[in-house]
Structure formats: structure tokens, C-alpha cells
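Try each task before reading its solution.

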Amino acid sequence: MKLIELKIRNFRDIQSLDLALDVLAVLIGENNTGKSTVLEAIRLVLTRGFGVRRGGQFSEYDSRTRRRSI
């Protein structure tokens, strides 16, 4: 399997991301910029259990539309 494009919408703190991938893709950035969130989104999509809520695969923190307390 080869990923050539990644689109993420409303996942954790990523409102919208369109990312074209090449043969080699490197995520570089400062702390707390979303690198791990991008990798987690890819993992969730490629996991066999995607779409099946076994053990609470998604939580209220995975949706950007969650309510935030101030």
C-alpha cells in the first residue's frame, strides 16, 4: 500500500489538513504542532479495527468540535 495524499478534517486540534505525500515524507516541527496527531490519524485509518468502536477507539478528545471549558 502506498499513501499519496492525506486529508484530515476535525481530528483533535487539526481543523483541516491536505497533505501530498512523496516517496519520503518527514514531519518536522516544534513541540505541540500536531506531528503525532497526523501519525495517529494515519494509524487509525490503517488499523484493521477502523470504524469499529472496540474499547473506545475514539474519544471526545479526537473531535475538534468538542466543547472546551475556559
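**Exercise 1.** Find out how far apart Glu 40 and Arg 43 are along helix H1, and explain the spacing in terms of helical turns.

*Solution.* Step one: Glu 40 and Arg 43 are three residues apart in helix H1, so about one helical turn separates them. Helices here are DSSP runs of H or I with at least four residues, strands are runs of E with at least two, and both are numbered from the N terminus. Step two: the side chains of Glu 40 and Arg 43 meet in a salt bridge, at 2.7 Å from N to O. That term asks for a side-chain nitrogen of Lys or Arg within 4 Å of a carboxyl oxygen of Asp or Glu. Step three: Arg 43 is partly exposed, with 42% relative accessibility; buried means under 20% relative accessible area, exposed over 50%, and partly exposed in between (1.4 Å probe, protein chains only).

Before going on, a word on the source: this is a predicted model, where local features need pLDDT of at least 70, side-chain atom pairs count only at pLDDT 80 or more, and totals for chains, interfaces and linings use all residues. Residues are numbered from 1 along each chain as its sequence is written, and side-chain values use heavy atoms, leaving out hydrogens and water.

**Exercise 2.** Locate the salt bridge partner of Arg 9.

*Solution.* Step one: the side chain of Arg 9 meets that of Asp 18, at 2.8 Å from N to O. Step two: check the exposure of each partner. Arg 9 is partly exposed at 42% relative accessibility, and Asp 18 is partly exposed at 49%. Step three: the salt bridge count comes to two.

**Exercise 3.** Describe how strands S1 and S2 are joined.

*Solution.* Step one: S1 (residues 5-11) and S2 run antiparallel, joined by six bridges; strands pair if DSSP finds at least two bridges between them.

**Exercise 4.** Decide which element has the highest mean pLDDT.

*Solution.* Step one: pLDDT is the predictor's confidence in each residue, from 0 to 100. Step three: the protein averages 80, with 67% of the residues scoring at least 70.
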